[in-house]
Amino acid sequence: MGELNAAEAALGWLEEAQNADGGFPYFVGGDSDANSTAVSLLGTSSAGLTPQQVARPGGATAADYLYSLQLGCAAAATDED
């Protein structure tokens, strides 16, 4: 029972940390970033949530944020790495 309570508390904390753009910041109040969003999605996936379900009320989903970062095949390369 304690593990369930801890998981629910963690999900509640993530819900509060999520930015309106759907992404998650490295630190609460910071800008969203892809890595923090992906790590958060790993945790919420363990709780049975899909990326489309991870959203602030009235805000974008975590999936929306990650989709916004994708570059199409026609995008110009910014560096060689």
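I looked up S36 and found that, at 11% relative accessibility, S36 counts as buried (buried is under 20% relative accessible area, exposed is over 50%, and partly exposed is in between, with a 1.4 Å probe and protein chains only). The model is predicted: local features need pLDDT of at least 70, side-chain atom pairs count only at pLDDT 80 or more, and totals for chains, interfaces and linings use all residues. Residues are numbered from 1 along each chain as its sequence is written, and side-chain values use heavy atoms, with hydrogens and water left out.

I placed S36 in helix α2 (helices are DSSP runs of H or I with at least four residues, strands are runs of E with at least two, and both are numbered from the N terminus). Not counting residues up to four places away in sequence, S36 touches F24, P25 and Y26; contact means heavy atoms within 4.5 Å.

I then examined how α2 and α3 pack: the angle is about 145 degrees and the axes are 10 Å apart. Axes are lines fitted to C-alpha atoms, for helices over the stretch in contact, and angles run from 0 to 180 degrees between N-to-C directions. A34, T37 and L41 of α2 make the contact with A62, Y65, L66 and L69 of α3.

Leaving aside its neighbours within four places in sequence, A62 is in contact with Q18, G22, F24, T37, L41, P51 and V54. A62 also belongs to the largest nonpolar core, whose five residues are L14, F24, L41, V54 and A62. Such a core is a set of buried Ala, Val, Leu, Ile, Met, Phe, Trp, Tyr and Cys residues joined through side-chain atoms within 4.5 Å.

Last, I checked T50, which lies in the loop between α2 and α3. At 34% relative accessibility, T50 counts as partly exposed. I noted that T50 and P25 are 25 residues apart in sequence and 19 Å apart in space, C-alpha to C-alpha.
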